[in-house]
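Please look through the structure below with this briefing at hand. The points that follow are grouped by topic.

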Amino acid sequence: PHYSQINRRQGDLDITGIIKQAKRSGKIIAIDATGISLYSPQMWNKQKHRCSQNEKWLKLHGALDVESGELVDYELTDSKTSDSETAQKMLEEGNLSEVKVKELLGDGAYDNKNLYSLLYKRGIKPNFRIRKDAMYSETSPPYLRWRDNQVKQAFLDKFIYSDDSKRELLRRRRLENGYGRRSLIESFFSRFKNFFGDKFSSYKPIHIKKELAIKILFLNSSFN
């Protein structure tokens, strides 16, 4: 079949349940986001005539099961939507809402009070990188205790250890608490872009969603 025929039929594909529902409890999830460009007719004109236009892109948010290496949930948003906001949506409305998550790993973009509150209610341990300008309070609510302990420790380390010692100490602590497992979601995104590039070949929203679902299904199936 011709490419244009495949592209038209792509809109009729049923992608319901294309990401297998994870039933196992006690899952450790690594979460992150990456940018993917939109390939539109305007971009073709940009390449042909070498005109300067701002490239449009979307954010792919992914939640990866650390044990299986599979992406168990994902969301596609515009470039302005925050990572922590999308993480809350995935936990409340996506596949993650039906999974018994034990621990959530993420970078500083997820160091957010509303997300901490949601994790506390669901009994999920946060394991995030704390922002450099983070502050703590002795009167913080219970859901911020983990974060406050991390901030206090970093504050003490600042005065006790030299810069070289702090880096080594931080490395050891991340190794002990398993934060390094977060790199697995970065590796998944790296494989995604190595296989498929960093642009969508579709430009209609419905086609983009189905193209993305098929690509994620392929990666989940290929590496597990």
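Leaving aside residues up to four places away in sequence, Asn127 touches Glu103, Leu104, Leu105, Gly106, Trp146, Asn177, Gly178, Tyr179 and Arg181. These contacts, like everything that follows, are read from a predicted model.

**Asn127 and its surroundings**
- Asn127 belongs to strand 5, which covers residues 125-128, and the side chains of Asn127 and Glu103 are joined by a polar contact of 2.8 Å.
- Asn127 counts as buried because its relative accessibility is 2%, and buried means under 20%.

**Aromatic pairs and a cluster**
- A pair of aromatic rings is described by how far apart the centres are and by the angle between the planes.
- The count of such pairs in this model comes to 8.
- Phe196 and Phe218 form another edge-to-face pair, with 5.9 Å from centre to centre and 75° between the planes.
- This second pair links distant parts of the chain, since Phe196 lies in helix 7 (residues 183-196) and Phe218 in helix 8 (residues 205-222), 22 residues apart.
- Phe196 is partly exposed, with a relative accessible area of 26%, and Phe218 is likewise partly exposed, at 38% relative accessibility.
- One aromatic cluster is made up of Tyr110, Tyr116, Phe128 and Trp146, and Trp146 is also among the residues that Asn127 touches.

Key
Residues are numbered from 1 along each chain as its sequence is written. This is a predicted model: local features need pLDDT of at least 70, side-chain atom pairs count only at pLDDT 80 or more; totals for chains, interfaces and linings use all residues. Side-chain values use heavy atoms; hydrogens and water are left out. Rings of Phe, Tyr and Trp (its six-membered ring) pair if their centres lie within 6.5 Å; planes under 30 degrees apart count as stacked, over 60 as edge-to-face and the rest as tilted. Helices (H or I, at least four residues) and strands (E, at least two) are DSSP runs, numbered from the N terminus. Buried means under 20% relative accessible area, exposed over 50%, partly exposed in between (1.4 Å probe, protein chains only). A polar contact is a pair of N or O atoms within 3.5 Å; within protein, one must be able to donate a hydrogen and the other to accept it, and residues adjacent in sequence count only if both atoms are side-chain atoms. Contact means heavy atoms within 4.5 Å.
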